[in-house]
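Trainee: Before we discuss charges and rings, could you show me the model and then walk me through it with care?

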Amino acid sequence: QVQLVESGGGLVQAGESLRLSCVASGNIFSINVMGWYRQAPGKQRELVAAITSDGRTNYADSVKGRFTISRDNAKNTVSLQMNSLKPEDTAVYSCYASIRRIGSSFSDYWGQGTQVTVSS
């Protein structure tokens with residue numbers, strides 16, 4: 001009954017910004033790590049950024065200094081602020097969360113993905 005829903009993708013020009021958001025809902029007991037992955041056509045999925053429940057973060061080297069991940073534990077949301085976007089950032093971005101459902105253990109959950117396209 002857990003669901004992750006993403007929003008905020010779109011088409012922008014190089015140098016512009018986008019903010020992605022993801023909301024987790026359902027019979028959630030707790031959420032450990034949340035993060036964002038991306039996959040471009042013909043390439044493997046890669047971790048973009050992740051954040052733990054106490055605020056520790058990890059970023060891919062390619063986005064350090066440009067992207068910022070944040071979360072609101074009370075609202076079960078995670079966001080990705082993407083600044084100075086480049087054409088190579090073009091990909092489908094997916095939300096990830098490790099969630100413990102009520103009466104269960106931690107499991108991995110994924111959103112449906114949202115398209116980000118950066119034109120030159």
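Mentor: A residue is called buried when its relative accessible area is under 20%, exposed when that area is over 50%, and partly exposed in between. Please keep in mind that this is a predicted model.

Trainee: With those cut-offs, is Arg38 buried or exposed?

Mentor: The relative accessibility of Arg38 is 7%, and the limit for a buried residue is under 20%. Arg38 therefore counts as buried.

Trainee: Which parts of the chain does the salt bridge between Arg38 and Asp89 tie together?

Mentor: The side chains of Arg38 and Asp89 meet in a salt bridge with an N to O distance of 3.0 Å. Arg38 belongs to strand β4 (residues 28-39), so its pairing with Asp89 links parts that are 51 residues apart in sequence. The parts tied together are thus strand β4 and, on the side of Asp89, the loop between β8 (77-82) and β9 (91-101).

Trainee: Turning to the rings, how many aromatic pairs are found in the whole structure?

Mentor: A search of the whole structure gives a count of aromatic pairs, namely three. One of them is formed by Tyr37 and Tyr96, with 6.0 Å from centre to centre and 75° between the planes, an arrangement that is edge-to-face. Tyr37 lies in strand β4 and Tyr96 in strand β9, so this pair ties together parts 59 residues apart in sequence. To end on the number you asked for, the aromatic pairs come to three.

Trainee: Why is the pair of Tyr96 and Trp110 described as tilted?

Mentor: Tyr96 counts as buried because its relative accessibility is 11%. The ring centres of Tyr96 and Trp110 are 5.2 Å apart, and planes under 30 degrees apart would be stacked while those over 60 would be edge-to-face. The pair is tilted because its planes stand at 55°.

Trainee: Over the ring of which residue does the charged end of Arg45 sit at 3.9 Å from the centre?

Mentor: Tyr37, Tyr96 and Trp110 form one aromatic cluster, and Arg45 lies over the face of Tyr37 at 5.5 Å from the ring centre. The ring whose centre is 3.9 Å from the charged end of Arg45 is that of Trp110.

Terms used. Residues are numbered from 1 along each chain as its sequence is written. This is a predicted model: local features need pLDDT of at least 70, side-chain atom pairs count only at pLDDT 80 or more; totals for chains, interfaces and linings use all residues. Side-chain values use heavy atoms; hydrogens and water are left out. Buried means under 20% relative accessible area, exposed over 50%, partly exposed in between (1.4 Å probe, protein chains only). A salt bridge is a side-chain nitrogen of Lys or Arg within 4 Å of a carboxyl oxygen of Asp or Glu. Helices (H or I, at least four residues) and strands (E, at least two) are DSSP runs, numbered from the N terminus. Rings of Phe, Tyr and Trp (its six-membered ring) pair if their centres lie within 6.5 Å; planes under 30 degrees apart count as stacked, over 60 as edge-to-face and the rest as tilted. A charge sits over a ring if NZ of Lys or CZ of Arg is within 6 Å of the ring centre and within 35 degrees of the ring normal.
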